[in-house]
Amino acid sequence: MTTYTDINQEEEIILGEEPTADSSQDNSDESLRKELKATEQRARDTLKKITENVHESDNTPVAALTLRKILGGDILSAEMVRHQIWLFIIVVLFTIVYIAVRYQCQQDMIQIDRMQKELIDAKYKALSSSSILTERCRESHVLEVLNSNSDSLLRASEQPPYIINVPEE
């Protein structure tokens, strides 16, 4: 159990005073109460001096910006943040616009890739159709089709073509 003398010795150690060896034996309860009151009064005076220098409207910047203050949210209630709220709003808006533009750009790139694949497929189909048409329009192929078709009246000419000269006037 803690007694007044133990408390008094602890306060003397905290305040930097040397505890007396025989204070627990020689002091009476009255002297202990006086010392305790005196120690309390010194502590109140020290606290009063400290609190007199600190005001809520004090605009002096905080010397140490610690991670604990940032994570604890103390930085958000600072006067600097209140003055810079429009800057924060603009930064947030630009961030949102940046993300939206990047997303739209990615969507456009996906659509461009898809359309390029369709274009390549269309080119291959056009090339294939063109080659089939060229093959079917060759004279040899046309003659084969005419010879194989017996009900057609068209036949290949036996005579070579000749040139007709028209005089100029």
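**Notebook: a helical chain, looked up piece by piece**

I began with the surface: the protein chain exposes about 16100 Å², and carbon and sulfur atoms supply 59% of it. Such accessible areas come from the Shrake-Rupley method with a 1.4 Å probe, and for residues only the protein chains shown count as cover.

A reminder to myself: this is a predicted model, where local features need pLDDT of at least 70 and side-chain atom pairs count only at pLDDT 80 or more, while totals for chains, interfaces and linings use all residues. Residues are numbered from 1 along each chain as its sequence is written, and side-chain values use heavy atoms, with hydrogens and water left out.

**Overall fold**

I looked up the secondary structure next and found seven helices and zero strands in the protein chain. The elements read α-α-α-α-α-α-α from the N terminus. Here helices (H or I, at least four residues) and strands (E, at least two) are DSSP runs, numbered from the N terminus.

How many of the 169 residues count as buried? I get 7%. Buried means under 20% relative accessible area, exposed over 50%, and partly exposed in between (1.4 Å probe, protein chains only).

I also checked contacts (heavy atoms within 4.5 Å). Among those between residues at least 6 apart in sequence, 33% join residues at least 24 apart.

**Helix H3**

I compared the length of H3 with expectation: its 24 residues should span 34 Å at 1.5 Å a residue, and this agrees with its end C-alpha atoms, which are 34 Å apart. The expected span is 1.5 Å times one less than the number of residues.

Leu32, Leu36 and Thr39 are buried in H3. I zoomed in on threonine 39, which sits in this helix (residues 29–52) and has a relative accessible area of 7%. A polar atom of its side chain lies 2.7 Å from the backbone oxygen of glutamate 35.

Then I searched the whole structure for salt bridges and found one. The cut-off is a side-chain nitrogen of Lys or Arg within 4 Å of a carboxyl oxygen of Asp or Glu. The partners are arginine 44 and glutamate 40, with their closest N and O atoms 3.6 Å apart. Because they are four residues apart in helix H3, about one helical turn separates them. Glutamate 40 is partly exposed, at 34% relative accessible area.

**Helix H6**

Which residues form a nonpolar patch on the surface? I noted Ile85, Trp86, Phe88, Ile89, Val92, Leu93 and Ile96, with about 700 Å² of accessible area together. Patches take residues with over 30% relative accessible area and no salt bridge, joining like charges within 9 Å and nonpolar side chains (Val, Leu, Ile, Met, Phe, Trp, Tyr) within 5 Å.

Leucine 93 belongs to helix H6 (residues 85–136) and is partly exposed at 48% relative accessibility. Threonine 95 is also found in H6, partly exposed at 39%. A polar atom of the threonine 95 side chain lies 2.7 Å from the backbone oxygen of valine 91.

Technical notes:
A polar contact is a pair of N or O atoms within 3.5 Å; within protein, one must be able to donate a hydrogen and the other to accept it, and residues adjacent in sequence count only if both atoms are side-chain atoms.
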